[in-house]
Amino acid sequence: MPVSNSQLSQMFEHVLTLSKVTPNESVAILKSHYSDQRTVAAAFDAAQRLGAKVYGVELPAFNAPKAMGNDLTAYCGDTPLTGNPAAQRALEAADLIIDTMMLLHSPEQEQILKTGTRILLAVEPPEVLARMLPSLEDKARVQAAEKVLQTAKSMHITSAAGSDFRMDLGQYPTVTEYGFADEPGRWDHWPSGFLFSWPNEGSANGTLVIDKGDILLPFKMYCRESITLEVENGFITGIKGGFEAEYLRDYMKYFDDPEVYGISHVGWGLQPRAQWTAMGLHDKNDGMCMDARAFDGNFLFSTGPNTEVGGTRKTPCHMDIPLRNCTVIVDELTVVNEGKVVAPTDSIG
Ligand SMILES: O=c1ccc(O)c[nH]1
Ligand SMILES: [Fe+2]
């Protein structure tokens, strides 16, 4: 359903208030020609209403020769900010950056966060922003789960479809996403509501079955047949199945980079207002489909880059693959049982 400009601006005021924007702070609106101009206008309006010093940083779009499609997560690493130190300094001067252009999975984002500047990504369509308007309850649920994941030493995923996938944890931090950037140096994404970490290098092993109905991003594809992934020492070594398996193999091979097969962030969804079905109601270019990454009880794994947490894999190909009906066991605790969040109690939506 369409969202009015006035509602969009009010929602930004709510999210910037949760992000602790105060009158003596500066807010930079990062944009490019492909930003949703209504989102840009609402962000400017709301930040001014909160009394902040607001400014815009506009960057010309960057098109990588090998990039395919318009999904902003399809090609990671190089962005319109890459190689533009003056623009980066202008952004580091802000207390909060509202990113309507997508810096995620870039080294520059990490450099900016290290200066204490916080970043809020907002690139989804207004209707999706409205349905998953963040709340302090979202933060509480995600932080309850964070307490479990941040000290975990292992994760084990099983499913009736045949997944049996294990990894060691602890080498990398836990990243939470609850929809607002309220701490210095924090990155967050409105909309969201999930958490993840990365397997210790070389420790992810086993089988992951992408079952019928599971989702392949950025393809925005619901699988009609299952795909079986064999994972050895942190890398996918086999992709078996029917048409979707062939499509996935062909797409990843196109990048001609062995690092695309590395396992990237792994975690689970905690957003009850995100829906598995939502992707089917949107065009592929509407946004990046955060419903798929955040729906309650998914097991979300991904492939490719790990620069976000200081890793060395800056490969551009990033697949986000949320699975339904999995059981996720962190150390000895079952946090998701056959697709249903069961622990910790205060993470249940
Ligand atoms: O919010 C996001 C979006 C994409 C991604 O890869 C991670 N988190
Ligand atoms: Fe991802």
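Visitor: Which side chain does the side chain of His 265 make a polar contact with?
Guide: In this predicted model, the side chain of His 265 makes a polar contact with the side chain of His 318 (3.4 Å). A polar contact is a pair of N or O atoms within 3.5 Å; within protein, one must be able to donate a hydrogen and the other to accept it, and residues adjacent in sequence count only if both atoms are side-chain atoms. The side chain of His 265 also makes a polar contact with the side chain of Asp 320, at 3.0 Å.

Visitor: How should I read the numbering and the values here?
Guide: Residues are numbered from 1 along each chain as its sequence is written, while chains are lettered from A and ligands numbered from 1 in the order in which they are written. Since this is a predicted model, local features need pLDDT of at least 70 and side-chain atom pairs count only at pLDDT 80 or more, while totals for chains, interfaces and linings use all residues; side-chain values use heavy atoms, with hydrogens and water left out.

Visitor: Back to His 265: where does it lie?
Guide: His 265 lies in strand S15. Helices (H or I, at least four residues) and strands (E, at least two) are DSSP runs, numbered from the N terminus.

Visitor: Why does His 265 count as buried?
Guide: His 265 is buried because its relative accessible area is 4%. Buried means under 20% relative accessible area, exposed over 50%, and partly exposed in between (1.4 Å probe, protein chains only).

Visitor: OK, on to the ligand. Which residues are around ligand 1?
Guide: They are Leu 104, His 105, Glu 177, Trp 187, His 189, Phe 194, His 265, Met 288, Met 290, Arg 293, His 318 and Asp 320. A residue is near a molecule or strand if one of its heavy atoms lies within 4 Å of it. The shell divides into five nonpolar, four polar and three charged residues.

Visitor: Which residues have a polar side-chain atom by an oxygen atom of ligand 1?
Guide: Glu 177 has a polar side-chain atom 2.6 Å from an oxygen atom of ligand 1. For His 318, the distance from a polar side-chain atom to a ligand oxygen atom is 3.0 Å, and for Asp 320 it is 3.0 Å.

Visitor: And how much of ligand 1's accessible area does the protein cover?
Guide: On its own, ligand 1 has 240 Å² of accessible area, and the protein covers 100% of that. Accessible areas come from the Shrake-Rupley method with a 1.4 Å probe; for residues, only the protein chains shown count as cover.

Visitor: Where does ligand 1 sit?
Guide: Ligand 1 sits in the largest cavity. On a 1 Å grid over the protein atoms alone, a cavity is a set of points where a 1.4 Å probe fits but cannot get out. A molecule sits in a cavity if more than half of its atoms lie within 2 Å of its grid points.

Visitor: Which elements give two or more residues to the shell around ligand 1?
Guide: Strand S8 (187–189) and helix H8 (290–294) do.

Visitor: New topic: which residues does a cis peptide bond join?
Guide: One joins Leu 217 and Pro 218, with omega about 10°; another joins Ala 343 and Pro 344, with omega about -10°. Pro 218 lies in the loop between strand S11 (215–216) and strand S12 (221–222), whereas Pro 344 lies in the segment after strand S20 (340–341). Most residues other than glycine have a negative phi, and most peptide bonds are trans.

Visitor: Which residues have a positive phi although they are not glycine?
Guide: Asn 233 has a positive phi of about 50°, and Asp 331 has one of about 55°. Asn 233 lies in the loop between strand S13 (227–232) and strand S14 (235–241), while Asp 331 lies in the loop between strand S18 (326–330) and strand S19 (333–337).

Visitor: Are those two buried or partly exposed?
Guide: Asn 233 counts as partly exposed because its relative accessibility is 49%. Asp 331 is partly exposed too, with a relative accessible area of 29%.

Visitor: Last one: where does Val 260 lie?
Guide: Val 260 lies in the loop between helix H7 (243–254) and strand S15 (263–269). At 0% relative accessibility, Val 260 counts as buried. The C-alpha atoms of Val 260 and His 318 are separated by 7.3 Å, although these residues are 58 residues apart along the chain.

Technical notes:
On a 1 Å grid over the protein atoms alone, a cavity is a set of points where a 1.4 Å probe fits but cannot get out, and a pocket is an open set with protein on both sides within 12 Å along at least five of seven lines; lining residues have an atom within 4 Å of a point. Ala, Val, Leu, Ile, Met, Phe, Trp, Tyr, Cys and Pro count as nonpolar, Asp, Glu, Lys and Arg as charged, and the others, Gly among them, as polar.
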